[in-house]
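Please read the following walk through the model with the coordinates open.

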Amino acid sequence: FFIRASHRPSLGRLATALPITRPMVRRFVAGETLAEALDACDRLRAASMHTTLDILGESVTSAAAAREAATRYVDTLDALAQRGLDGNVSLKLTQMGLDVDPALCRENVGRVAARAAEVGAFVRVDMEDSPKTEATLALVRELRATTPEVGAVIQSYLRRSADDVERLIAEGTRVRLCKGAYDEPAGVAFPTKGEVDASYRRLMERLLRDGAYPALATHDEALIVEAEAFARRERIEPSRFEFQMLYGIRRDLQARLVREGWNVRVYVPYGREWYPYFMRRLAERPANVLFLLRSVVREGR
């Protein structure tokens, strides 16, 4: 339901107009402006956490909108450098114009990657739905030929991911491993949670052994505990990888990992185009709906 709703612009306009949604969204989104996002990064840095900034927005429908998104990323990289914050951003290819013109998309992402190289930053290209997987990985490879500080995302629910991980390890590409949050057919993606978790576990261990500073992106505490145990057993130092978690989710777990000496990076989204992102977060864990409603009630008292 939430995945399908994320693709309904009319529902997005309604959600944006409802005052009750604002307190719920603030849990997952750092703000609508760059200044708010930078302040959130400052707070996380004070808590000994690393950050990556994501400017919300995807599936743009015009070249002008795609170029504007790239400009916002360049401005964000400059602001991070000026403030002395982590030079680390995440972007989506559909936001850069992939559905408008692939050549335009390459131009826009190349501009962001070039600016990142100039300020000593890192760019993570997010993964979207499966029809875009091959194009995304191909562009990452192309970019890394001139700007190596570009990484990819692999989704454990896709059946192809084991082969993709092997190739990315061989190429020395930094990988963020997540479970995936798009509605995919069973022929493309594992249909059950058990299969997705098993795939995540296999890919996680493979990346921990031989990956280039992999990022384990999950809030599944059982998988996190397994990763900790595996790293200790295989004598993999905490400096060789990091855990990644979303802004506002399992803050207790984020703090616990930091206390125990692990690297934690928080994915910090900001911007006005928060509706699709917010709906996917609810889809990943529908129990978040009740959690957020309880938070709104408490804040309203």
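Glutamine 254 is in contact with Met49, Met245, Leu246, Ile249, Val264 and Val266, leaving aside its neighbours within four places in sequence. In this predicted model, glutamine 254 is placed in helix 11. Its relative accessible area is 2%, so glutamine 254 counts as buried.

Leucine 177, in strand 5, can be read in the same way. With a relative accessible area of 0%, leucine 177 is buried. Not counting residues up to four places away in sequence, leucine 177 touches Ile154, Ser156, Tyr200, Leu203, Met204, Leu207, Ala215, Leu216 and Ala217. For one of these, leucine 203, the C-alpha to C-alpha distance from leucine 177 is 7.9 Å, and the two are 26 residues apart in sequence.

The chain totals give the setting for these two residues. The protein chain has 13 helices and eight strands. Of its 301 residues, 53% count as buried. Among contacts between residues at least 6 apart in sequence, 72% join residues at least 24 apart. The chain exposes about 13,600 Å², and carbon and sulfur atoms supply 53% of that area.

After helix 8 comes glycine 172, with a positive phi near 80°.

Positive phi values also occur in residues other than glycine. Arginine 235, which is not a glycine, has a positive phi of about 55°. Arginine 235 is found in the loop between helix 10 and strand 7, and at a relative accessible area of 71% it is exposed. Arginine 250 has a positive phi near 50° and lies in the loop between strand 7 and helix 11. At 28% relative accessibility, arginine 250 counts as partly exposed.

Next come the aromatic rings. A pair of aromatic rings is described by the distance of the centres and the angle of the planes. The count comes to three aromatic pairs. Phenylalanine 241 and phenylalanine 243 form an edge-to-face pair, 5.5 Å centre to centre with 75° between the planes. Both of these phenylalanines are buried. The ring centres of phenylalanine 241 and tryptophan 262 are 5.6 Å apart and the planes are at 45°, so this pair is tilted. Phenylalanine 241 lies in the loop between helix 10 (221-233) and strand 7 (242-246), and tryptophan 262 in the loop between helix 11 (251-259) and strand 8 (264-270), so the pair ties together parts that are 21 residues apart in sequence. Tryptophan 262 is buried, as is phenylalanine 241. Phe241, Phe243 and Trp262 form one aromatic cluster. Elsewhere, a ring meets a charged side chain: arginine 174 lies over the face of phenylalanine 122, at 3.8 Å from the ring centre.

Side chains of opposite charge can pair when their charged atoms come close. The whole structure holds 29 salt bridges. In one of them, the side chains of aspartate 78 and arginine 115 meet at 2.7 Å, N to O. This pair links distant parts of the chain, with aspartate 78 in helix 5 (residues 63-83) and arginine 115 in helix 6 (residues 102-119), 37 residues apart. Aspartate 78 is buried, with a relative accessible area of 18%, whereas arginine 115 counts as partly exposed at 26% relative accessibility.

Arginine 250 returns here in two salt bridges. With glutamate 221, the closest N and O atoms are 3.2 Å apart. That bridge joins the loop between strand 7 and helix 11 to helix 10, across 29 residues. Glutamate 221 counts as partly exposed, at 33% relative accessibility. With aspartate 252, arginine 250 forms a salt bridge of 2.9 Å, N to O. Glu221, Glu228, Arg250, Asp252, Arg256 and Glu260 are linked in a network of salt bridges.

Notes
Residues numbered from 1 in each chain as written. Predicted model: local features only at pLDDT ≥ 70, side-chain atom pairs only at ≥ 80, totals over all residues. Heavy atoms only, no water. Phe/Tyr/Trp six-rings, centres within 6.5 Å; stacked < 30°, edge-to-face > 60°. Buried < 20%, exposed > 50% of the residue type's maximum accessible area, 1.4 Å probe, protein only. Helix = DSSP H or I, 4+ residues; strand = E, 2+ residues; numbered from the N terminus. Lys NZ or Arg CZ within 6 Å of the ring centre and 35° of its normal. Contact = heavy atoms within 4.5 Å. Areas by Shrake-Rupley, 256 points an atom, 1.4 Å probe, with all protein chains shown as cover. Salt bridge = Lys/Arg side-chain N within 4 Å of Asp/Glu carboxyl O.
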